[in-house]
Amino acid sequence: MAHYTLIARINTGDGRFPFANVQFSKNHRPIPIEGATYYLRPSSSGKRTPIKIGKDVSVAHTALIRMEDGQPLECIAALHAGPPSSISAAVPRKRVAEVAREYIERSKQKSRRTYLGYRVAVNLFVASCKKTYFDQICRDDMLDFLHDLRTRPSRETGQPIGESTVFNYFLKTMVFLNDRGIGKYVAREDWVQKKDWPVNVDKRNKNKKYATYTEQEVAAMIHVADSVEEALTRLLVGTGFRIGEAAVAEWMDINWEDKMVSVRFKPKFGFKPKDYEERTIAVSDTLLACLKKYRSKAPKEALIFPSPATRTVDKHLDRIINRLIDKANDAGYTVKKPKKPCHAFRVLYATRRHQHGVDIETLRQELGHSDITTTQIYLRSANTKSDRHRARINEADRFSLAATCKPFPRLAVNDPEHKEAIACIQ
């Protein structure tokens, strides 16, 4: 099947009319260019003469989709002649399941986790939709799907799934529908409350979003850990790494002199930082000493925590932390086991650094968040009854004069020196 690229011919103002690729927004809609004429250029081998569509970017996008589906050029030209009903007989109709299957197949270019999220959301919509053909979908079908999501029982609890999960599933479905130009049937206020704009619905209850450990639990885990378990625990709680970032971390990512650890693109592992943001994190002497002791003779390009079986990327680091938690509980300590044991260290990292004076903007950069409101989800309120919190309050209310600060002498109004000082100021 032939593939096409949407391009635009623009006027640069100097007598030239070059072609430029049309950029797409995050929801896969083309960004219009003022005064441009749009073309479709075949990207396969052979003749690549651009096909002129016109000045309407929406018509050009529809033409791109239909040409990708293998429809003849005559059907594309009919877009300019009249409403869709005038060409409905010539255009083969596609079933909802067929369109969904094509979209899921194209979504494989996304990261594995993102692809799985889109696949689940789109399949749920297909199961909910009662229409046979895709062009029959209307506003009622989308609102019915929203109702199905809000009444859908969770596999774990049997209760209706949470509002944040509904938000994520419906948002991914909207991206799928917008890809075919019909997401406009549902307004934003239909599926997310206005008081939640522009923040995600799950950000209202910041202090209950993610599970974390207490300081005593981490101390107990380190006390019973072997060298690998201690190194992984200290790395996670000392850097705030996501589990995927820890899995692909290499010894070359550590700058021993500057005491920094980097998160970088790793094409050989198929890894890219979330939101495409590389970053560096300042780490403690304690963490560096632990890693040096654990490293032994590993080369610079080696993984810090390779899979024990294949010596490649270990995608199951949670297994190590779960085993360590069981070991601590068997030793007589009490350590709870969260659903995401590695991610719980990330929450503790954010809270401890913030409570020890790291400003929230620096913390946002070190955690790799694009929005500071996301960072706020990770922070926990301090224990207001603790001695440490009491000491911080006392320090905040303590004021002292600097050693060089001397009181200004009070002079009498009729004092000649006072009159001379006023005259100098004036």
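These are my notebook entries on a predicted model of one protein chain.

**Entry 1: overall make-up**

I began with the secondary structure and found 16 helices and seven strands in the protein chain. The chain has 426 residues, and buried residues make up 37% of them. I then looked at how far apart in sequence the contacts reach. Of the contacts between residues at least 6 apart in sequence, 57% join residues at least 24 apart.

**Entry 2: confidence**

I checked the pLDDT before going further. The protein chain averages 79, and 78% of the residues score at least 70. I noted a stretch at residues 82-90 where the pLDDT is below 50. Beyond near neighbours in sequence, residues 82-90 have five contacts in the model. Residues 194-207 also have a pLDDT below 50, and I found 24 contacts for that stretch beyond near neighbours in sequence.

I looked up the pairing of strand E1, which covers residues 4-9. Six bridges join E1 to strand E3 (residues 37-42), and the two run antiparallel. In this pairing I noted Tyr-4 opposite Pro-42 of E3. E1 also pairs with strand E2 (residues 19-21), in the antiparallel sense and over three bridges. Here Arg-9 stands opposite Phe-19 of E2.

**Entry 3: the sheet E5-E6-E7**

I next traced an open sheet of three strands, in the order E5-E6-E7 and with antiparallel pairing. Which strands are at the edges? They are E5 (254-255) and E7 (279-282), each of which pairs on one side only. Strand E6 spans residues 260-263 and pairs with E5 over two bridges. In that pair, Ile-254 is opposite Val-261 of E6. E6 and E7 are joined by four bridges, and Val-263 stands opposite Arg-279 of E7.

I then followed the side chains along E7 and saw that they alternate. Arg-279 and Ile-281 point to one face and are buried.

**Entry 4: the cavity**

I searched for cavities of 30 Å³ or more and the count came to one. The largest cavity holds about 50 Å³ of space. I listed its lining: Phe-241, Glu-245, Val-248, Ala-249, Asp-253, Ser-262, Val-263, Arg-264, Lys-266 and Phe-271. By class, the lining has five nonpolar, one polar and four charged residues. Two of the lining residues, Ser-262 and Val-263, belong to the span of E6, residues 260-263.

**Entry 5: positive phi angles**

Most residues other than glycine have a negative phi, so I made a note of exceptions. Lys-259 has a positive phi, near 60°. Lys-259 sits in the loop between E5 and E6. Its relative accessibility is 35%, so Lys-259 counts as partly exposed.

Arg-311 also has a positive phi, near 65°. I placed Arg-311 in the loop between helix H10 (285-295) and helix H11 (318-330). Is Arg-311 buried or exposed? Arg-311 is exposed, because its relative accessibility of 57% is over the 50% cut-off.

**Entry 6: Tyr-115**

I found Tyr-115 in helix H4, residues 112-128. Its relative accessible area is 8%, under the 20% cut-off, and Tyr-115 is therefore buried. What does Tyr-115 touch, not counting residues up to four places away in sequence? The list is Ile-104, Ser-107, Lys-108 and Lys-110. I also checked the spacing to Glu-105, which is ten residues from Tyr-115 along the chain. The C-alpha atoms of Tyr-115 and Glu-105 are separated by 9.3 Å.

**Entry 7: Arg-364**

With a relative accessible area of 16%, which is under 20%, Arg-364 counts as buried. Leaving out residues up to four places away in sequence, I listed what Arg-364 touches. The residues are His-369, Ser-370, Asp-371, Ile-372 and Thr-375.

How values were computed
Residues are numbered from 1 along each chain as its sequence is written. This is a predicted model: local features need pLDDT of at least 70, side-chain atom pairs count only at pLDDT 80 or more; totals for chains, interfaces and linings use all residues. Side-chain values use heavy atoms; hydrogens and water are left out. Two strands pair if DSSP finds at least two bridges between them. pLDDT is the predictor's confidence in each residue, from 0 to 100. Contact means heavy atoms within 4.5 Å. On a 1 Å grid over the protein atoms alone, a cavity is a set of points where a 1.4 Å probe fits but cannot get out, and a pocket is an open set with protein on both sides within 12 Å along at least five of seven lines; lining residues have an atom within 4 Å of a point. Grid points are joined across faces, edges and corners, and a volume is the space filled by probe spheres set on the points. Ala, Val, Leu, Ile, Met, Phe, Trp, Tyr, Cys and Pro count as nonpolar, Asp, Glu, Lys and Arg as charged, and the others, Gly among them, as polar. Buried means under 20% relative accessible area, exposed over 50%, partly exposed in between (1.4 Å probe, protein chains only).
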